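Trainee: Could you show me how to read a helix pair and a cavity?
Mentor: Gladly; let us look together.

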Amino acid sequence: MEGSEGSTEGARGAQDGRRNQKLRTRRALLDAAAELLREGHPVTIADAAEAARVSTATAYRYFSSPQELLRETRTLMRAPDLTADLPADPAGRVDAIVSRVADMQLANEPAWRAMLSASLERSLEQGDDGPEDEFPVRGRNRLDLTRTALAPLADTLPPAALRRLTMALTLVYGVESLVSTRDVCELEATEAKEVMRWAARSLLDSALREETEG
């Protein structure tokens, strides 16, 4: 009996050891992919494997495609709650959201540019028939943030006006706006953020003024 119990405990220990090793390997691959993103490099399975010091074949046993690796890496790099402790007034809420997103992205430009590049490449490869949420760098996350910021206006603006304002605000912040202000306009990070804030404030003021005058 004692020998049987010892064998069982030994087998359980071996299983735990293998499970822990798999977890360490997966985390090493995710950490490697995150570092590649921060440095502005495209992320491939082979590059992540090399950085994590595991074989490419091993890496493919954990992640079947770069998109799957990027999706989990994005979760690892997930930003803090950008909607926490928002003020009550719409102007303050919009400014807080735009400022927080700008601070987050400008502080880590290479990673956001790399994720945008990956998203654009995936869109070209998949066309209109690919899965919508495989690696959603752009789109719904920002739209949800904007809707949260404008929630107090639900009883102030007509639905059509609120929808138009929501869509317009998504154009003036986020990673595409980062690229526009930094590359096209050649602005320093501080001025780029201020331009985003001004544009958002101007759109909000215009929508409210139109409703008052109408």
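Mentor: Helices α8 and α10 are roughly antiparallel to each other, a word used for angles over 145 degrees. This is a predicted model, in which local features need pLDDT of at least 70 and side-chain atom pairs count only at pLDDT 80 or more, while totals for chains, interfaces and linings use all residues. Residues are numbered from 1 along each chain as its sequence is written, and side-chain values use heavy atoms, leaving out hydrogens and water.

Trainee: At what angle do the axes of α8 and α10 cross?

Mentor: Axes are lines fitted to C-alpha atoms, for helices over the stretch in contact, and angles run from 0 to 180 degrees between N-to-C directions. Here the axes of α8 (residues 159-169) and α10 (residues 189-213) cross at roughly 170° and come within 10 Å.

Trainee: Which residues of α8 and α10 meet?

Mentor: Contact means heavy atoms within 4.5 Å. From α8, Arg164, Leu165, Ala168 and Leu169 meet Ala200, Leu203, Leu204, Ala207 and Glu210 of α10. By class, this contact has 7 nonpolar, no polar and 2 charged residues.

Trainee: Which residues line the largest cavity?

Mentor: On a 1 Å grid over the protein atoms alone, a cavity is a set of points where a 1.4 Å probe fits but cannot get out, and lining residues have an atom within 4 Å of a point. Around the largest cavity are Val94, Ile97, Val98, Thr146, Ala149, Leu169 and Tyr173. Helix α5 gives the largest share of this lining, 3 residues.

Note on methods. Helices (H or I, at least four residues) and strands (E, at least two) are DSSP runs, numbered from the N terminus. Angles under 35 degrees count as roughly parallel, over 145 as roughly antiparallel, 65 to 115 as roughly perpendicular and the rest as oblique. Ala, Val, Leu, Ile, Met, Phe, Trp, Tyr, Cys and Pro count as nonpolar, Asp, Glu, Lys and Arg as charged, and the others, Gly among them, as polar. On a 1 Å grid over the protein atoms alone, a cavity is a set of points where a 1.4 Å probe fits but cannot get out, and a pocket is an open set with protein on both sides within 12 Å along at least five of seven lines; lining residues have an atom within 4 Å of a point.
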